[in-house]
Amino acid sequence: MMSNTVSSWILSSARNSIFVLQGKGRLYSKWIPHQSKMKCKCMFAKAPLSPVVMSCSIDSVFTLKAFRHTSTEEQHFTFQLTPSQINDVLKAGELSHKISEFDGRNSNSVLRFESNQLASNAPSEDRRSAATCLQTKGMMFGIFDGHGGYACAQAVSERLFYYIAVSLMSQQALEEMELATECMKPVLPILQWYKHPNDLMFREVASLYFDHLRVYWQDLLNLDLETGFSVEEALINAFKRLDSDITLEVQAPLENEVMRNIALQVAFSGATACVSHIDGVHLHVANAGDCRAILGVQEEDGTWSALSLTRDHNVFNEAEIRRLKEEHPKVEEKTIIVNDRLLGILIPSRSFGDVQLKWSKELQQSVLENGSNVEALNIYQYVPPNYYTPPYLTAEPEVTYHKLRRKDRFLVMASDGLWDMLNNEDVVKLVAEHLAESTVQKPELKKPVNLGYMQSLLLQRKSRSMGSLDQNIATHLIRHAVGNNEYGEVDQEKLVAMLTLPEDLARMYRDDITVTVVYFNSDAIENYYPGKK
């Protein structure tokens, strides 16, 4: 059981702070209905969304146990979790996959990936995706951080990879796919997905999503591009086109009420997105928002460093503030950023959805008044002051290219729930130590032996003997993010407290956390540099 001092401090400090809750990106105050009182009516299914989906089977299936309290008002509130229960909570969202050494053409530069999620919101507003491109080359990994609900992140996680893959396909492949669809013949799968058994999908809108994807590839055919898009162009076009489709779908007359409700929830919630496309040694990262991607780099002398591949697109980024001010009249310079939020509402400065900050007031009113039960759908109706020249948000990503080297050992992608707790260097250090411990051999004593070296060996031996090593590195990062004390060590009491906080308090102490770590095949990468052997 947690000490009375710690548990009392957490509860009392949280209760005294409930007047204004700073949710992910949005400023939640009394004008916004509390999420726990509004139940989403979106319907999910664990089934492919269209004929072009190919799902990868995962062996492990789990049953998630509920250990969290549902309210701070419960009597006899205690923090009690056994070590086994802690692991059940932390490992429930684990996903890992070892990639084939050859992709049919070349040695695969991706060795394996490991991923996990830990919810703070109920349900979690984070989503993740991982897939291999079947009609083009490469693999894709994505982190999607929702706000104002999970609907937008859910939709983007299902759809964006298809838009990217289609953008990279040749004219001939697009023509064959269009002909097969026109003749109502099976369409070759575009993606091989790597999914968790409990991953969900919007079943009711699968046909709508496929129809709009088809319209997109028809538009690409009409462009008649001989050479096609570069990877950077494909990523940018896919992000922008999907966001455009999200905003158009909610304006279209949909007779099916469930489809219309989902379209509304997707458009009026929001999601930031970070996507990596890896093809051999060619790594492209497209980012819109404040998810983050970093490389763990190991030099020849064994030292490690973090190489950032993204910039956080939020109100703390001076370049983003300058961009926003340049896109709007000078008279709005002092009102674009209010209380460290875009128009006093949102921390991210780029996102999918969020039509409240993209549409005119008149369009918002027209769409919401079209026979929808806005309150039941948990859609926030609020027009901020000084809302004059929308759009104030964009989903256009910033794309970074990096040519992989042998010393680039792994890629870490995560939602800001991780980066709020750990900095880039902390994350690389934890992954590097985990990597070393998982492959450690019996150490040989070096001569002369100094005190520092002996202490290092003893610490390594103690760590291994305690059996504290998580097999999944994403779980290891989440454990440290949630449970670390000021010395960078996991404090079991803090970890228990953070995992058992009531739903109405958890979001004040931690965000949803989603992590994917991609390990690279150094030998395969080396083969791309024959002159350096």
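**Entry: H480**

I started with how well covered H480 is: at 10% relative accessibility, H480 counts as buried. One thing to keep in mind throughout is that I am reading a predicted model. I then looked up where H480 sits, and found it in helix α13, which covers residues 473–483. I also checked H480 against L418. The two are 62 residues apart in sequence, while their C-alpha atoms lie 9.5 Å apart in space.

**Entry: cis peptide bonds**

Next I went through the backbone. As a reminder to myself, most peptide bonds are trans. Where do cis bonds turn up here? One joins A122 and P123, with omega at about 0 degrees. I placed P123 in the loop between β6 (110–118) and β7 (126–133). Another cis bond joins P390 and P391, and there I noted an omega of about 5 degrees. P391 belongs to the loop that runs between α9 (361–368) and β18 (398–403).

**Entry: positive phi**

I stayed with the backbone and turned to phi. Most residues other than glycine have a negative phi. D354 is not a glycine, yet its phi is positive, at about 50 degrees. I found D354 in the loop between β17 (352–353) and α9. Is D354 buried or exposed? I wrote down buried, because its relative accessibility is 1%, and the cut-off for buried is under 20%.

N386 went on my list too: it is not a glycine either, and its phi is positive at about 60 degrees. I located N386 in the loop between α9 and β18, the loop in which I had found P391. At 26% relative accessibility, N386 counts as partly exposed.

**Entry: cysteines**

How many disulfides does the structure hold? I found zero. For context, a disulfide is a covalent bond between the sulfur atoms of two cysteines. I looked up the cover of a couple of cysteines while I was there. C133 is buried at 5% relative accessibility, and C152 is buried as well, with a relative accessible area of 0%.

**Entry: a charged patch**

My last stop was the surface. Which residues gather in a patch of negative charge there? I noted E175, E176, D224 and E226. With a relative accessible area of 48%, E175 is partly exposed. It can join a patch because the cut-off for patch residues is over 30%.

Technical notes: Residues numbered from 1 in each chain as written. Predicted model: local features only at pLDDT ≥ 70, side-chain atom pairs only at ≥ 80, totals over all residues. Heavy atoms only, no water. Patch = residues over 30% accessible without salt bridge, like charges linked within 9 Å, V, L, I, M, F, W, Y side chains within 5 Å. Areas by Shrake-Rupley, 256 points an atom, 1.4 Å probe, with all protein chains shown as cover. Salt bridge = Lys/Arg side-chain N within 4 Å of Asp/Glu carboxyl O. Lys, Arg positive; Asp, Glu negative; His and termini not counted. Charge placed at Lys NZ, Arg CZ, Asp CG, Glu CD. Buried < 20%, exposed > 50% of the residue type's maximum accessible area, 1.4 Å probe, protein only. Disulfide = S-S within 2.5 Å. Helix = DSSP H or I, 4+ residues; strand = E, 2+ residues; numbered from the N terminus.
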